[in-house]
Amino acid sequence: MPPRNEAQSKILEVFQQEVLDHFQQTVEFTTDKTAHEPSLNTSPKLLSLISFMSEAAQGNLHLLCSLQELPELLPDFKSFFAEDELPPVTDPIWADAFGELANQLLGRFKNEIYNYGITLQMGVPSIVQSLHIEPVSSKYSSWDDTFCVAGEGFNLSVYISMLMGENFELKDYSKESNESMMSTGDMMIF
Amino acid sequence: MKALIVDDSMMVRMQVKRALSGAGFDTVEAQDGMDALEKIKANQDVQFVVLDVNMPKMSGIEFLEAMRHELPDIAPAIVMLTTEGQPDLVQRARALGVKGWIIKPFKAELLVATAQKLTQALAAS
Ligand SMILES: [Mg+2]
């Protein structure tokens, strides 16, 4: 489904870049690299969907993944445990960690998109776990651009609502310099 | 030395707890702002608070406002640990007495250094 307008295209582009940057950084943050050899080479399955409810101001972030592959998406948390103490993927801690992953991905996206003059409000993560999350086919919807989840094996889903500020239109897509803006990894002591 | 860890994510609480326990802090945990308010009322000797912003029931900022209102006599060192970074939010927290701001994901040694620095400053004041 093509995005409805250029602003939404920009949103998707920025989000994608932030997701890539996040995974690069969490691998760097994983200090005990020998324990589990965290690596992005395993190509874990993560599907992210940003849906827009209207022409402008409301949207959702959905992340879906396979529970089996979730620890590979969280190398820093995986290395938190000794190898023989790693909780099984069915332990609720992993679903919680997935919710926090969505929170951190959307958070860094929110901070980046702010530099383009867009204020985003985000909700708290809702996590759904099931044996198999069935794709919703567009044939059941009267909306011609309903998204579909293709493929199988996704059994964990997290959902965060987002609300764009009034200046969502993002006319020129220019990145304004904003020196007081903080971004991932930053620390400030007052 | 006692620290209160406030975050709706169990993963984050585990990570922060391990970092602070390793530095000699006793820790108390809360899963949202409302829970944190109860915990700090019961643990008024808390010297350091690690506080998330986005949480169900009561946000970190709302917790700060409620704590200032209901417990005006306690002043632990508070550091926000959040994905949020917008200047207006940072300013709002700062006006409520927050001493530091860290954007997730965090490095454990950085958090520990901040905790030690701020609690030492608190003890000296
Ligand atoms: Mg949170």
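How many aromatic pairs does the structure hold over all chains? The structure, a predicted model, holds seven.

**Figure 1. Helices H2 and H3 of chain B in contact.** The axis of H2(B), residues 33–42, comes within 9 Å of that of H3(B), residues 60–70, and the two cross at roughly 30°. H2(B) and H3(B) are therefore roughly parallel to each other (angles under 35 degrees). H2(B) passes H3(B) in a right-handed crossing (the near helix is turned clockwise from the far one by less than a right angle). From H2(B), the contact (heavy atoms within 4.5 Å) involves Gly33(B), Ala36(B), Leu37(B), Ile40(B) and Lys41(B). H3(B) contributes Phe63(B), Ala66(B), Met67(B) and Glu70(B). Of the residues in this contact, six are nonpolar, one is polar and two are charged.

**Figure 2. An aromatic pair in chain A.** Phe81(A) and Trp94(A) form a tilted pair, 6.5 Å centre to centre with 50° between the planes. Rings pair if their centres lie within 6.5 Å; planes under 30 degrees apart count as stacked, over 60 as edge-to-face and the rest as tilted. The pair links distant parts of the chain, 13 residues apart: Phe81(A) lies in the loop between helix H4 (75–78) and helix H5 (92–114), and Trp94(A) in helix H5 of chain A.

**Figure 3. Confidence of the prediction.** The predictor gives the complex an ipTM of 0.89 and a pTM of 0.84. Chain B has a mean pLDDT (the predictor's confidence in each residue, from 0 to 100) of 95, and 100% of its residues reach 70 or more.

Residues are numbered from 1 along each chain as its sequence is written, and chains are lettered from A in the order in which they are written. Local features need pLDDT of at least 70 and side-chain atom pairs count only at pLDDT 80 or more, while side-chain values use heavy atoms, without hydrogens and water.

How values were computed: Axes fitted to C-alpha atoms, helices over the stretch in contact; angles between N-to-C directions. Helix = DSSP H or I, 4+ residues; strand = E, 2+ residues; numbered from the N terminus. Parallel < 35°, antiparallel > 145°, perpendicular 65-115°, else oblique. Nonpolar A, V, L, I, M, F, W, Y, C, P; charged D, E, K, R; others polar. Phe/Tyr/Trp six-rings, centres within 6.5 Å; stacked < 30°, edge-to-face > 60°.
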